[in-house]
Amino acid sequence: MGFFDRLKGQPEERGSVENPQVPISSSDFMRVMGWGDLISSSGITVGIDNALGVPAVWAAVNFMSGTLAGLTMEVYQRTASGREKVAASASNQIPVILRDAVNEAMSSFEWRKYTFDQVFTGGRAVTYIERNNSGEVVNLYPLDPSLIMVRLNNGKKIYDVRSPSNQTRSYPATDIIDITFMLEHDFVTHRGPIMTNRDAIGMAIAASKYGSKAFQSGGVPPAVLQGPFQSGASATRASDDVANTMARLARDGRPVMALPMGHELKTIGFNPEQMQLIELQRFSIEQIARIYSLPPVFLQDLTHGTFSNVEQQDLHFVKHTIKRWVEQTEQEMNLKLFGRGSQFYVKFDLDDLLRGDLKTRMEAHATSIQNGIKTPNEVRDIENLPPMEAGDDLMIQGATVPIKNQV
């Protein structure tokens, strides 16, 4: 039954909590949901674990998740004059939950780091919202996304969570914070960055493996031994002798090997230089940077980095990469924690990422004070300084007057 048929009020028929197309017990469930292994075009089986073994993937995931986890996050309330920061109270523990600890055993940073680690690898992060009998949020518990099946029931999302004992419990979407890398056309299934781009990541894994094997063999590419062999058995023995000799030479650091008269060793493969292995690995870094919308400089690739463009790439990262994830996370939490139309909302502070150097920052503060944009105490609060007396008034330069008023 299609999504629009459900909107018309036709009931969804299900024999169990399992999706009839992709049952939880299916052998390829992990593959379909994006957490299993898939074979890439290079012949490399790509999964989350070996993908994280690629330094560029490891750097991208940790850099982005760590950056998002380290952002200051506060709860605000809309007021007639603008907004005001909300402090925790007996009936509203959300500010302290989001700022300090989401439950009795997990800090807010740890929760956010885990959440975005899952998003940037498998493509989905799911958190259960625990409420008391009064409907107030008391805890947030991250769930293992590989144990969750998402389905639609009359147009509404239902999350079937499977326990290690194979028991399934269902939760409505209002009890779940669900952050996805990308949703498919059915609004339920997600796409993960690693599985979707398995060919590019598989190529990076293959290049790393080839380089390791090249060094393991002393940098000698595959070769064929030609000689006056009398039988297949003698050819096999000769091949084994040559392979063992090459391994011993590589181990001892000796560059010369002697062959019997009438025998010749010919290369049949390419050495790393001929294969442009370094260029291939650098290209893989650029490909992985594209997957995560990251400037390559953040993956420690300074090939095209200069003193001037690195700062611009920093701005590009905040404006076009981090902002997208901040907006998605804020809106998901606002909807699930406070409900639609609430006066309360969660806000990440991106100013820490745009602080710049001390001289530039002080000049910006001076400009904002002199033009009546910020009070001195607001600037002091940004710089973690205590407030000063008479520092809560807006100020403006008084020397600028019309020319006719000049004496």
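**View 1. Inside the largest nonpolar core.** The largest nonpolar core here has 54 residues, and those with the most contacts inside it are Leu98, Phe120, Leu140, Tyr292 and Leu337. Its top contributor is helix H11 (residues 307–338), which puts in 8 residues. A nonpolar core, by the way, is a set of buried Ala, Val, Leu, Ile, Met, Phe, Trp, Tyr and Cys residues joined through side-chain atoms within 4.5 Å. Buried means under 20% relative accessible area, exposed means over 50%, and partly exposed is in between (1.4 Å probe, protein chains only). Helices (H or I, at least four residues) and strands (E, at least two) are DSSP runs, numbered from the N terminus. This is a predicted model: local features need pLDDT of at least 70, side-chain atom pairs count only at pLDDT 80 or more, and totals for chains, interfaces and linings use all residues. Residues are numbered from 1 along each chain as its sequence is written, and side-chain values use heavy atoms, leaving out hydrogens and water.

**View 2. Leu98 and its neighbours.** Leaving aside residues up to four places away in sequence, Leu98 touches Met73, Val75, Ser108, Trp111, Arg112, Leu140, Met333, Leu337 and Val346. Contact here means heavy atoms within 4.5 Å. There's also a second, separate core of 10 residues, with Tyr159, Val161, Ile176 and Val188 among them.

**View 3. An open sheet of 3 strands.** The strand order is E4-E3-E15, and the pairing is antiparallel. Strands E4 (82–85) and E15 (344–349) are the edges, each pairing on one side only. From one strand to the next, the twist averages 45 degrees; for such angles, axes are lines fitted to C-alpha atoms (for helices, over the stretch in contact), and values run from 0 to 180 degrees between N-to-C directions. Two strands count as paired if DSSP finds at least two bridges between them; strand E3 (residues 72–79) and E15 have 6. Look for Val75, which sits opposite Val346 in E15.

View 4. Strand E9 (residues 148–153) is largely enclosed by the rest of the structure, because 5 of its 6 residues are buried. E9 runs antiparallel to strand E10 (residues 156–162), with 6 bridges joining them. The hairpin has 2 residues between its strands, and Asn154 in the turn has a positive phi of about 55 degrees.

**View 5. Two loop residues with positive phi.** Asn166, in the loop between E10 and strand E11 (168–172), has a phi near 70 degrees. With 54% relative accessibility, Asn166 counts as exposed. Phe187 lies in the loop between strand E12 (176–180) and helix H7 (193–196). Its phi is about 65 degrees, though Phe187 is not a glycine. Phe187 is partly exposed, at 46% relative accessible area.
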